[in-house]
Amino acid sequence: MEIQRLTYSCMAILATFGAKAQTTDIFTDITPETVTSETTRQTPSTWTFNDCLDWAIANSTEVRRNLLAILKADEDTGAAKDAWLPSVGFSTSHNFTNYPSPRDGSDGNIYNSAYSVNASWTVWEGNIRKYRLESARLAQRQARIAGDETLMNLKLGVLQAYLDIMYAREAVTIARQTLEVSTTQTERARKLTEAGRSSKVDLAQIESQMAQDQYNLVQAESNYASAKRRMKEILSLGFDSDMEVADVNFSDGDVNAPLPEITRTYSLAAEWLPSIRSNEINKDIYANDVKIAKAGNLPTIALQGGIGSGYVSGGTSWGSQMKHGLNENIGLSLSVPIYDGNATRRAVAKARLNALEYDINRSDLLDDLSQTLENLYIEAANAKAKYVSGQKQLEATQLTSTLVDRQFELGLVNPLELLTAHNNLLNARLELLQSKFMAILSNKTINFYATQNVELQ
């Protein structure tokens, strides 16, 4: 159906661009327990849009993956900071030597041991640690932007699924009302046939229409169940969970609500779309990669120091040897690269090529945004025009159906004309319903790009 086609196309569009790039409470003060904690919230008897939204966020595996990614990014940043710290280690060695033919008066078995504590610290290495720390912090920001993107895509998915359910439920109402009308017509035709005022062929045609309307109702109820199933998938609810969504009354003002200028929507969206913001961060990361690669040509200065002692059997006591053999050392080393087989030159060239991806990606993202907004505005204008036209068409078909129904009772029209008017009225009601929800969905999507807000009302 048209409303479903537009829903899925909008979901694909929004999944491409992401969502609102703002820090939300769920992505602050994260702990491993936050990732694995189970929700204790009770399922509501009637689901509002906010109920669906809160439940989806609390149970989404994608949100949990983003929480985990943020924790990992935090650890990577911590590791980059720790690179400034010195390394300290303790080492000891123990050896036992046997001399089969020792000199007179000497011990044929000798035991010796050594003990040392060593430390080293890189004083300077071309600022590699500095650039890696900057990149780690940038990646931290990207992880949170990715989390907000997932969160907002989830909100949009709930919004579209909610509208799908409302559309399908109204379609069921229309199908049920249509079946009631065809049932009444069938009873009336049966009485006319019994009275000899209508033929059995005419009655069979009208009964066939009633059977078709019965099937239409079954199909509408199946579509309604499928729409709820899709929502339950988003909410991670089991197949044994039933749900009833709260109704929202949309007025003509909601359908025909004015939209911001497309140029303004474009400029606003280009400032906050996570994909574009993440690409801006990539620009700085690429710049750091080039600096790190260039550092391969720079010298490295390191500071080393240690303290140690040892013991050999056959001499003075262990404590005396350890005391007199105690030694301390400190040293400074300088390493200057002379030739590395062009490894550094190749690394710098590759880093610069990677940096070119920023401009290419930005151009693609802005072009896609422009095309997407243009399509959305066309869809919105078309849906609104179709809704206005559908209202007039419905008025005309309702009047025609009422007149034809009365004329059939008087024997002035045949069953074919009655069934044609009946089906025209059904189609007009469904087309108006489709255009209504298409216009609302288009409006909500465009306002999302302009305001960063996802709301049902």
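Student: Which residue of β2 is the bridge partner of Phe96?

Tutor: Tyr111 in β2 is the bridge partner of Phe96. Strands here are DSSP runs of E with at least two residues, while helices are runs of H or I with at least four residues, and both are numbered from the N terminus. This is a predicted model, in which local features need pLDDT of at least 70, side-chain atom pairs count only at pLDDT 80 or more, and totals for chains, interfaces and linings use all residues. Residues are numbered from 1 along each chain as its sequence is written, and side-chain values use heavy atoms, with hydrogens and water left out.

Student: How many bridges pair β1 with β2, and in what sense?

Tutor: Strands β1 (residues 87-98) and β2 (residues 109-124) pair over 12 bridges in the antiparallel sense. Two strands count as paired if DSSP finds at least two bridges between them. Asn98 has Asn109 in β2 as its bridge partner.

Student: And which strand order does the sheet have?

Tutor: The order is β1-β2-β3-β4, an open sheet of four strands with antiparallel pairing. Its edge strands are β1 and β4 (327-335), each of which pairs on one side only. From one strand to the next, the twist averages 20°; the angles are taken between N-to-C directions, from 0 to 180 degrees, with axes as lines fitted to C-alpha atoms, for helices over the stretch in contact.

Student: What joins β2 to β3?

Tutor: Strand β3 (residues 300-312) runs antiparallel to β2, and 12 bridges join them. Asn112 stands opposite Val312 in β3.

Student: Turning to α11, which residues are buried?

Tutor: Thr344, Val348 and Ala351 are buried in α11. Buried means under 20% relative accessible area, exposed over 50%, and partly exposed in between, with a 1.4 Å probe and protein chains only. Down the axis of α11, the buried residues fall within an arc of 65°, so they line one face of the helix; the arc is that of the directions from the helix axis to the C-beta atoms.

Student: Which residues are on the other side of α11?

Tutor: Arg346, Lys350 and Leu353 are there, and they are exposed.

Student: Where is Asn127, and what is its phi?

Tutor: Asn127 is in the loop between β2 and α5 (128-194), and its phi is near 65°, a positive value in a residue other than glycine. Most residues other than glycine have a negative phi. Asn127 is partly exposed, at a relative accessible area of 25%.

Student: What about Ser236?

Tutor: Ser236 is not a glycine, yet has a positive phi of about 60°. Ser236 lies in the loop between α6 (200-235) and α7 (252-255).
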